Amino acid sequence: VMPLKLKGYNEIRWFRPLKLNQVLHLKSCYPDAKLIIGNSEVGVETKFKNAQYKVMISVTHVPELNTLKVKEDGIHIGSAVRLAQLQNFLKKVIAERDLPETSSCQAIVRQLKWFAGTQIRNVASVGGNICTASPISDLNPLWMAIGAKFQITDVNGNVRTTLAKDFFLGYRKVDIKPNEILLSVILPWTRPFEYVKEFKQAHRREDDIALVNAGMRVYLRETEGKWIISDVSIVYGGVAAVPLSASKTENFLTGKNWNFELLDDTFNLLKEDIPLSENAPGGMVEFRRSLTLSFFFKFFLSVTHDMN
Ligand code: FAD
């Protein structure tokens with residue numbers, strides 16, 4: 001395989017570097033350059049939305065961005081790893097490790113089953129989905145709920161780490177500067193009695209965009225015969241410009257005993273946390289409001305089932 005540099009019509013340039021330092025060098029020369037992996041977002045933007053990008057850097061052949069490593073703090077996933085590759089890798093990890101450690105991995109595998117179709121999953125990347133920051137991304141609410149961390153490098157090779165929760169700043173706006181790229185995602189292990197679930201409701205099951213989706217995680221600890229909520233994350237997608245944490249609900253639940261009596265207050269707080277207005281983009285507001293509540297109800301039932 002050779003590094004490639006192609007010049008096209010209208011001064012468009014296409015680079016295919018083979019090393020991370022070449023990517024960073026190109027990015028320092030062309031801060032507005034687009035990174036390309038599966039082209040499943042950029043292709044749609046240029047073909048149907050009239051976007052014009054002058055410089056494109058394909059990073060499919062850069063080993064540093066294609067790593068999948070099992071480490072002590074979790075799984076390190078290179079930003080150019082394809083979704084199908086991630087699916088296969090996580091399935092192996094789940095089969096090999098203790099089940100309670102892989103609750104997050106299992107949720108991602110289940111969510112990927114309903115993410116686009118095989119063709120898209122074969123080419124689309126983890127980093128492409130994250131950096132596009134679509135408000136309806138099926139994975140971003142999950143990365144946030146599971147406490148994933150994103151590693152970002154600047155063109156000089158300085159690496160910083162940020163929580164997924166702090167990464168999405170606004171509509172398709174993320175915490176990455178023109179002189180930075182996303183390097184990898186750290187997907188942490190779960191502890192015993194820490195449960196992660198994924199949710200997606202679309203018009204049809206296969207290959208469809210969600211109406212609402214969500215990622216939820218709870219960590220329970222037994223004290224004096226009660227199951228106390230030690231930590232909880234509830235994040236919805238498709239209800240705002242960015243994936244939305246139900247913060248009031250999370251604060252209310254923390255420290256409470258995990259039982260049916262929680263539900264009424266939780267539903268009332270969720271309505272405050274996720275105030276889909278009558279004219280919210282996407283319509284079907286009543287239905288989507290009810291989905292936010294029913295996802296939590298499903299979460300409650302399935303965690304209660306798994307505990308016993
Ligand atoms: P590309 O188009 O190659 O790049 C996307 C963007 O991310 C570019 O702006 C690029 O510059 C930037 N980028 C990529 N990597 C980096 C990096 N390392 N650092 C900085 N910036 C970076 N999405 C869902 O969530 N759920 C679905 O069910 C779903 N279904 C789809 C179905 C179809 C038919 C299509 C076309 C798309 C669908 N998508 C879906 C959206 C899309 O497939 C994903 O967002 C995909 O993961 C994007 O990855 P990519 O490698 O193709 O991105």
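These legends go with several close-up views of one predicted model.

**View 1. The whole chain, before we zoom in.** The chain carries ten helices and 15 strands. Along the principal axes, its C-alpha atoms fill a box of roughly 65 × 45 × 35 Å. For 308 residues, a compact globule would come out with a radius of gyration near 19 Å, and the chain's 20 Å agrees with that. Some 37% of the 308 residues count as buried. Take the contacts with a separation of 6 or more, and 62% of them join residues 24 or more positions apart.

**View 2. Inside the largest nonpolar core.** This core is made of 74 residues. If you want to know who has the most contacts inside the core, look for I57, V59, W143, V185, L187 and Y236. Strand 13 (residues 210-223) is the top contributor to the core, giving seven residues. Now settle on I57: skipping its neighbours within four places in sequence, I57 is in contact with F15, P17, V23, L26, A33, L35 and I36.

**View 3. Around the ligand.** Here the ligand sits among 26 residues, and the closest are G38, S40, A116, G128 and N129. Two or more shell residues come from each of strand 3 (34-36), helix 2 (42-48), helix 6 (126-132) and strand 11 (180-187). Helix 6 gives the most, with five residues. Sorted by class, the shell holds 13 nonpolar, ten polar and three charged residues.

**View 4. Helix 4 and what covers it.** Helix 4 spans residues 103-113, and its buried residues are S103, S104, C105, A107, I108, Q111 and L112. As a reminder for reading this view, an α-helix has 3.6 residues a turn, so residues three or four places apart point the same way. Among the elements covering the buried residues of helix 4 are helix 3 (83-96), helix 5 (118-123) and helix 7 (140-145). The cover also includes strand 11, strand 12 (194-202) and strand 13.

**View 5. Where domain 2 meets domain 3.** At the meeting place, 22 residues of domain 2 are in contact with 26 residues of domain 3. On the domain 2 side, helix 4, helix 7 and strand 9 (168-170) each give two or more residues. That side of domain 2 divides into twelve nonpolar, seven polar and three charged residues.

**View 6. Two loop residues with positive phi.** Most residues other than glycine have a negative phi, and this view picks out two that go the other way. A133 has a phi near 55 degrees and belongs to the loop between helix 6 and helix 7. A133 counts as buried because 21 other C-beta atoms lie within 10 Å, and the cut-off for buried is 20 or more. F193 has a phi near 65 degrees and is found in the loop between strand 11 and strand 12. F193 has 18 C-beta neighbours inside 10 Å, so F193 counts as partly exposed.

Conventions. Residues are numbered from 1 along each chain as its sequence is written. This is a predicted model: local features need pLDDT of at least 70, side-chain atom pairs count only at pLDDT 80 or more; totals for chains, interfaces and linings use all residues. A nonpolar core is a set of buried Ala, Val, Leu, Ile, Met, Phe, Trp, Tyr and Cys residues joined through C-beta atoms within 7 Å. A residue is buried if 20 or more other C-beta atoms lie within 10 Å of its own, exposed if 12 or fewer, and partly exposed in between; C-beta atoms are placed from the backbone. Helices (H or I, at least four residues) and strands (E, at least two) are DSSP runs, numbered from the N terminus. Two residues are in contact if their C-beta atoms, placed from the backbone, lie within 7 Å. A residue is near a molecule or strand if its C-beta atom, placed from the backbone, lies within 6 Å of it. Ala, Val, Leu, Ile, Met, Phe, Trp, Tyr, Cys and Pro count as nonpolar, Asp, Glu, Lys and Arg as charged, and the others, Gly among them, as polar. The radius of gyration is taken over C-alpha atoms; the globule rule is 2.2 Å times the number of residues to the power 0.38.
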